[in-house]
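Q: Please take a close look at a single part of this model. I would like one connected account of it, with the cut-offs behind each term.

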Amino acid sequence: MAMREMGVGTKASGDVCRVCAGRTYVIERQGDQALARVCGCSENCSICGGRGHVLVEREGTFSQKVGPRRYEVMEPCGCTLRRRRVALYNEVRLPGVVAHASFDNYRAFNEAQDRGRGVAMHFGHQFVKGATSKGFILSGPVGTGKTHLLAATLGHLVIEMGVRARYVEISLLYATIRRGFQEGKSGGEIIGPLSEVEVLAIDELGKGRGSPFEMETLDELIARRYNAGRTTLFATNYSLEPERKARPGGPSGYRTTEDAKAVVKDTELLRERVGERIYSRLCEMCTFVELPKDTPDRRRTRQEMDSLHPPPTGMRSMGR
């Protein structure tokens with residue numbers, strides 16, 4: 001039985017592997033990256049015997065006079081597709097900290113987070129290779145699972161559908177380009193592959209000093225993808241609101257300098273961080289999902305729970 005075209009499949013028979021739970025592949029943290037490998041239970045293929053291809057019977061009509069005829073064609077075996085998709089996943093360059101990320105283990109604390117998960121899942125499951133698809137942008141405080149959802153989405157697209165994808169954290173991209181300048185590379189050489197990949201996820205959008213170099217780099221990357229009709233996903237800590245909301249001051253409208261600074265910090269808008277041109281394109285390229293400012297920080301919540309309920313002596317807490 002050959003592997004399904006839309007996925008890497010599961011073990012058809014026998015006991016479920018304790019390592020991969022029947023998925024035939026494993027994703028794990030190796031250093032600062034999430035990397036995939038074929039599980040040991042599936043390294044030796046019983047279908048093709050290691051040849052990497054199988055004969056499949058098809059039916060087609062080549063002549064109205066002769067009518068339908070059956071014929072055999074050579075196709076890649078499921079093990080070949082699996083190896084290809086594992087290799088594709090390792091090109092995504094997801095952070096090691098989200099190696100575990102999936103839609104199933106995303107924990108929503110409020111309705112907005114549940115909607116964010118729903119938007120990401122719908123995008124992943126309805127994505128059509130080669131078609132122009134609207135992406136999404138997740139906005140919210142730190143630690144609310146935005147990168148988790150990006151990783152879950154890219155993992156599904158790559159492993160289950162064979163989509164070429166990449167992940168990039170924007171400030172690290174700026175740093176990579178700066179190092180490239182010292183090696184004689186142009187920014188375009190580094191941006192080029194990111195412009196052409198089918199799905200790109202840009203994390204921490206709006207982060208940085210806002211220098212001309214950073215703004216020009218971001219504008220070029222988004223412009224290339226926008227003009228080519230390629231799908232881009234985003235996550236940001238800045239609000240997606242189109243403009244600042246009026247906030248009342250103290251008595252007689254008086255507000256201290258510290259109050260004013262706090263208001264500016266609390267209401268920083270993505271529109272102001274990336275500029276009108278990029279923001280306008282984001283409105284066309286993406287579905288907007290904003291998480292409330294009071295959404296719990298998952299990392300802090302986990303740390304506080306660990307402090308209240310420390311593991312038994314001799315056991316290490318395995319954070320996710």
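A: An angle under 35 degrees counts as roughly parallel, over 145 as roughly antiparallel, 65 to 115 as roughly perpendicular, and the rest as oblique. This is a predicted model, in which local features need pLDDT of at least 70 and side-chain atom pairs count only at pLDDT 80 or more, whereas totals for chains, interfaces and linings use all residues. Residues are numbered from 1 along each chain as its sequence is written, and side-chain values use heavy atoms, with hydrogens and water left out.

The part examined here begins with helix α4 (residues 170–182) and helix α5 (residues 187–196), whose axes lie 8 Å apart at an angle of about 140°. The two helices are therefore oblique to each other. Axes are lines fitted to C-alpha atoms over the stretch in contact, with angles from 0 to 180 degrees between N-to-C directions; helices (H or I, at least four residues) and strands (E, at least two) are DSSP runs numbered from the N terminus.

On the α4 side, Leu173, Thr176, Ile177, Gly180 and Phe181 are in contact (heavy atoms within 4.5 Å) with Gly187, Ile190, Ile191 and Leu194 of α5. Six of these residues are nonpolar, three are polar and none is charged. Here Ala, Val, Leu, Ile, Met, Phe, Trp, Tyr, Cys and Pro count as nonpolar, Asp, Glu, Lys and Arg as charged, and the others, Gly among them, as polar.

The buried residues of α6 (under 20% relative accessible area, with exposed over 50%, partly exposed in between, a 1.4 Å probe and protein chains only) are Glu214, Thr217, Leu218, Leu221, Ile222, Ala223 and Arg225. An α-helix has 3.6 residues a turn, so residues three or four places apart point the same way. From first C-alpha to last, the 17 residues of α6 reach 24 Å, close to the 24 Å expected at 1.5 Å a residue; the expected span is 1.5 Å times one less than the number of residues.

Glu204 sits in the loop between β7 (199–203) and α6 (212–228). Although Glu204 is not a glycine, its phi is positive, about 60°, and its relative accessible area of 23% makes it partly exposed. Most residues other than glycine have a negative phi. Just after α6, Gly229 takes a positive phi of about 70°.
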